[in-house]
Amino acid sequence: MNEFDKQHTIAKWEELLRKPAKVTESKEFPSWETVSKRNIQFEYNPNQVPASNVVSFFRKPLGLAIVGGSALSFAAALFFVFILNPSQPKNSELAVAPSAKKTTQIVSPLKVLVSSVKGKVSVLPQGSSQPVPLVKHYQLASGDIVITDGSSQIDLDFETGSWMRITPNSEVAMDVIEKTSEAQSQKFSVKKGKLFASVSKLSKDSQFVVQAGEHLTQVRGTVFSVQFDGKSEVVAVREGSVAVGDLILTSKQQTIVKLGETLPIVASPVNPKEEKELKAFQTQTILARETLLYEEHARLELVRLDDGTEYRGVILGQSETHLHFQGLEGLIEIPIQKILETEKIR
């Protein structure tokens, strides 16, 4: 079952759960306005629970005691409050104020998998002093440190559609790789060496940050590289834009900052060698993503829109108005009326 089918099935279940059962619809329950205007007749005070097994829900003895577990007692209390309690005068004061709703964001790990390994690459898990070899499909976690030797490199595939390559003789810490239902936090530290990154477009509250030396590189969606040799930091951009401190780098720009120095006010052009490496990384990243999609779906398709935009990926299905498409940067819905043509490319 692909991701689209899972979402469709979950939507059906949610629709069924929203509909009350026939037994519930046949019952008549007091409205909140009626209940909220009743005087407090039964009061629960946890500090005055007797030591015996007799549990009472009454402030004054009424000749009725319930013996048993807390679950049975609680059920009896609800029965007396909502069923047997007579209606109170309309002028009664509000008994209990509704509690404020509190929503908390659930934080979970962001899936970052090892896509390919060349040579000897190891990871030092958080809290461990013993590095272990990295292999394909290994899932990294916050706090892990990736270490490459002199002739090795590693590619990392992010569930967000981003891609990272850590080059030879590098040490990069996965400081934070986590998500909530609304955003992703991705923070990395280049202790030494170099990384390339292709970052998919980030949502409003998401972040992708690389620390190298004394400065942070903040990204909104781009192809760039960060290099640090312990003395100076080099940030280069092929596509999009990044912020290094207050300096904004755009396409084919770079900056070089030595430790202890302030950032330049004006960026310089990317040197030819770095431009060639960035271009090769971008091309290889696209091919790697396409290969992953092909391995999963055994096909690859191209969707071309009437404005010239092209999407490469897999067509999962369609509704009356949209095409459901698994692209290189995740699931998208394409309006059918804007599609000029589709073709199979692999």
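Student: Which residue in strand 21 is the bridge partner of L323?

Tutor: Strands of a sheet pair through backbone hydrogen bonds, either parallel or antiparallel. In this predicted model, L323 has I334 of strand 21 as its bridge partner.

Student: In which sense do strand 20 and strand 21 pair, and over how many bridges?

Tutor: Antiparallel, over six bridges. Strand 20 covers residues 322-327.

Student: What is the strand order of the open sheet?

Tutor: Read it as 21-20-19-18-22. That is five strands, with antiparallel pairing. Strand 21 (330-335) and strand 22 (339-344) stand at the edges. Each has a single partner strand, so one side of each lacks a neighbour in the sheet. On average, neighbouring strands of this sheet are turned by 45° against each other, direction ignored.

Student: Which helix lies across strand 19 and strand 20?

Tutor: Helix 5, residues 272-297. Helix 5 runs at about 20° to strand 19 (310-318).

Student: Now a single residue. Is P109 buried or exposed?

Tutor: Compare the relative accessibility with the cut-off: exposed means over 50%. P109 has 58%, so P109 counts as exposed. P109 sits in strand 3, residues 108-109.

Student: Which residues does P109 touch, leaving out those up to four places away in sequence?

Tutor: E159, I177, E178 and K179.

Student: How far apart are the C-alpha atoms of P109 and Q139?

Tutor: They are separated by 9.9 Å. Along the chain, P109 and Q139 are 30 residues apart.

Note on methods. Residues are numbered from 1 along each chain as its sequence is written. This is a predicted model: local features need pLDDT of at least 70, side-chain atom pairs count only at pLDDT 80 or more; totals for chains, interfaces and linings use all residues. Side-chain values use heavy atoms; hydrogens and water are left out. Helices (H or I, at least four residues) and strands (E, at least two) are DSSP runs, numbered from the N terminus. Buried means under 20% relative accessible area, exposed over 50%, partly exposed in between (1.4 Å probe, protein chains only). Contact means heavy atoms within 4.5 Å. Two strands pair if DSSP finds at least two bridges between them. Axes are lines fitted to C-alpha atoms, for helices over the stretch in contact, and angles run from 0 to 180 degrees between N-to-C directions.
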